[in-house]
Amino acid sequence: MQNNLKCKRAFTLFEILAVLALVALLSVLTLVDFSFLDKVESRPANKQLTSLIKRAQAEAISTSTEVAIFYDKALDTLFLKDYKTSKDIFKLPLSKDDIQRTAVNRNITFKPVYPESINTYVSDINRVEFLRSLRFYPDGTSVRALILIEEFGKTETYYLDSFASVPVEQNAK
């Protein structure tokens with residue numbers, strides 16, 4: 001009778017189901033379209049700049065140093081740097097390649113806002129002065145500035161208050 005009860009080697013139901021689940025998972029991964037990852041890189045410049053402003057404020061506070069955002073038109077790239085040492089902290093390319101950089105023909109400029117003209121942003125747009133960078137301080141404040149983003153033949157204007165965490169879009173043309 002013991003001869004009839006000999007164990008035969010075979011796969012259990014659990015092992016078969018585990019292999020089937022693994023095969024199903026791998027087949028789904030090969031069919032998924034990952035092109036949505038490109039869209040993260042091709043967000044509008046104003047959204048990318050807003051994200052970088054938030055990061056700059058956090059960096060200034062956490063490291064207790066002044067940091068600044070610079071824009072390099074030739075590279076179409078925003079740089080977050082330590083203001084005193086000019087050491088790069090973060091680099092954010094706005095264009096994926098030279099073809100996109102040429103097609104967009106983007107320019108980002110920073111203009112100072114003076115206390116006497118806080119409620120008249122339009123008058124500040126017409127001033128000739130430019131800031132080289134947006135500065136952020138360890139106490140969480142920043143320079144007060146207008147940010148002009150020119151792309152696709154259109155100019156968007158944003159106001160960055162000293163205590164704001166994000167720039168506010170202006171309706172000035």
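## The sheet

An open sheet of 4 strands runs in the order E3-E2-E1-E5, with antiparallel pairing. E3 and strand E5 (133–136) are the edge strands, and each pairs on one side only. Two strands count as paired if DSSP finds at least two bridges between them. On average, neighbouring strands of this sheet are turned by 15° against each other, direction ignored. Such angles run from 0 to 180 degrees between N-to-C directions, and the axes are lines fitted to C-alpha atoms, for helices over the stretch in contact.

How many bridges join E1 and E5? The two strands pair in the antiparallel sense over 4 bridges. Alanine 68 has arginine 135, in E5, as its bridge partner.

## The model and its chain

This is a predicted model, in which local features need pLDDT of at least 70 and side-chain atom pairs count only at pLDDT 80 or more, while totals for chains, interfaces and linings use all residues. Residues are numbered from 1 along each chain as its sequence is written, and side-chain values use heavy atoms, with hydrogens and water left out.

The protein chain has 5 helices and 8 strands. From the N terminus on, the order is α-α-α-β-β-β-α-β-α-β-β-β-β. Helices (H or I, at least four residues) and strands (E, at least two) are DSSP runs, numbered from the N terminus.

Of the 173 residues of the protein chain, 33% count as buried. Buried means under 20% relative accessible area, exposed means over 50%, and partly exposed lies in between (1.4 Å probe, protein chains only). The protein chain exposes about 11,700 Å², and carbon and sulfur atoms supply 60% of that area. Accessible areas come from the Shrake-Rupley method with a 1.4 Å probe; for residues, only the protein chains shown count as cover.

## Helix H3

Helix H3 spans residues 45–63 and has 19 residues. From its first C-alpha to its last, H3 reaches 26 Å, close to the 27 Å expected at 1.5 Å a residue. The expected span is 1.5 Å times one less than the number of residues.

Which residues of H3 are buried? They are Ala45, Asn46, Gln48, Leu49, Leu52, Ile53, Ala56, Gln57 and Ala60. An α-helix has 3.6 residues a turn, so residues three or four places apart point the same way. H3 packs on the sheet and touches E1, E2, E3 and E5. The direction of H3 makes about 150° with that of E1. Contact means heavy atoms within 4.5 Å.

## The nonpolar core

The largest nonpolar core has 23 residues. Such a core is a set of buried Ala, Val, Leu, Ile, Met, Phe, Trp, Tyr and Cys residues joined through side-chain atoms within 4.5 Å. Ile53, Ile69, Leu78, Ile108, Leu134, Phe136 and Ile147 touch the most other members. The elements that give two or more residues to this core are H3, E1, E2, E4, E5, strand E6 (145–151) and strand E7 (154–160). H3 supplies the largest share, 6 residues.

Take leucine 134. Not counting residues up to four places away in sequence, leucine 134 touches Ile53, Val67, Ala68, Ile69, Phe110, Val143, Ala145, Ile147 and Leu160. Serine 133 lies in strand E5. Serine 133 is buried, with a relative accessible area of 7%. Its contacts, with the sequence neighbours up to four places away left out, are Ala68, Ile69, Phe70, Tyr83 and Phe110.

## Loop residues

Is leucine 94 buried or exposed? Leucine 94 is buried, at 3% relative accessible area. This residue sits in the loop between E3 and helix H4 (98–104). Leucine 94 and leucine 49 are 45 residues apart in sequence and 9.3 Å apart in space, C-alpha to C-alpha.

Arginine 106 lies in the loop between H4 and strand E4 (107–112). Arginine 106 is buried too, at 6%. Beyond four places in sequence, arginine 106 touches residues including Leu94, Glu150 and Glu151.

Two serines have a positive phi. At 55% relative accessibility, serine 64 counts as exposed. Serine 86 has phi near 60° and lies in the loop between strand E2 (77–82) and strand E3 (88–93). Serine 86 is partly exposed, with a relative accessible area of 44%.
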